[in-house]
Amino acid sequence: MADSYMRPEGIVGEPRQVMSARRALDVLCAFSVERPEWSVTELSVELKVHKSTMSRLLKTMEAAGFVRRAPGNSHYSLGPRLLEMSSLVLTRLDVRTVHA
């Protein structure tokens with residue numbers, strides 16, 4: 001049975017990570033103001049993940065609402081679930097402690 005945890009290469013002393021979760025987080029972090037949409041191929045090249053793995057990962061993230069497929073093309077952008085989650089953060093923020 002394969003170990004479901006892997007240590008990132010080249011990082012000594014870092015805690016072990018679940019690579020599928022790490023990849024999903026890397027996908028989310030790839031989106032930016034400068035780059036709001038990505039294709040499967042572009043993300044797989046950028047994040048050095050096999051195209052079929054990236055496709056499955058994006059389909060999983062899309063089903064959960066974290067990314068959405070742009071109508072009319074095969075590009076993905078951030079999904080509405082992130083907005084829902086960000087509103088939870090905003091309701092708990094104390095502006096006085098953020099600037100401290």
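Hi everyone, let me start with the sheet: strands E4 and E5 pair in the antiparallel sense over 3 bridges. Two strands count as paired here if DSSP finds at least two bridges between them.

A quick word on the source. This is a predicted model, where local features need pLDDT of at least 70 and side-chain atom pairs count only at pLDDT 80 or more, while totals for chains, interfaces and linings use all residues. Residues are numbered from 1 along each chain as its sequence is written, and side-chain values use heavy atoms, leaving out hydrogens and water.

Back to E4 and E5. Val67 sits opposite Leu78 in E5. The hairpin of these two strands has 5 residues between them, and there Gly72 takes a positive phi near 90 degrees.

Who else is in the sheet? It is an open sheet of 3 strands, ordered E3-E5-E4, with antiparallel pairing. E3 (38-39) and E4 (67-69) stand at the edges with a single partner strand each, so one side of each has no neighbour in the sheet. E3 is joined to E5 (residues 75-78) by 2 bridges, and Trp38 stands opposite Tyr76 in E5.

Now the helices. H2 (residues 40-47) packs on H3 (residues 51-63) at an angle of about 115 degrees, with the axes 9 Å apart. Axes are lines fitted to C-alpha atoms, for helices over the stretch in contact, and angles run from 0 to 180 degrees between N-to-C directions. That makes H2 roughly perpendicular to H3; the label covers 65 to 115 degrees, with under 35 roughly parallel, over 145 roughly antiparallel and the rest oblique.

Which residues meet there? From H2 we have Val40, Thr41, Leu43, Ser44 and Leu47, and from H3 Lys51, Met54, Ser55 and Leu58, where contact means heavy atoms within 4.5 Å.

H1 and H3 also pack, at about 75 degrees with axes 11 Å apart. So H1, too, is roughly perpendicular to H3. Ser20, Arg23, Ala24, Val27 and Leu28 of H1 make this contact with Thr53, Met54, Leu57, Leu58 and Met61 of H3.

Last, some charges. How many salt bridges are there? The count comes to 3, taking a salt bridge as a side-chain nitrogen of Lys or Arg within 4 Å of a carboxyl oxygen of Asp or Glu. One of them joins Arg22 and Asp26, at 2.8 Å from N to O. Both residues lie in H1 (residues 19-30), 4 residues apart, about one turn of the helix.
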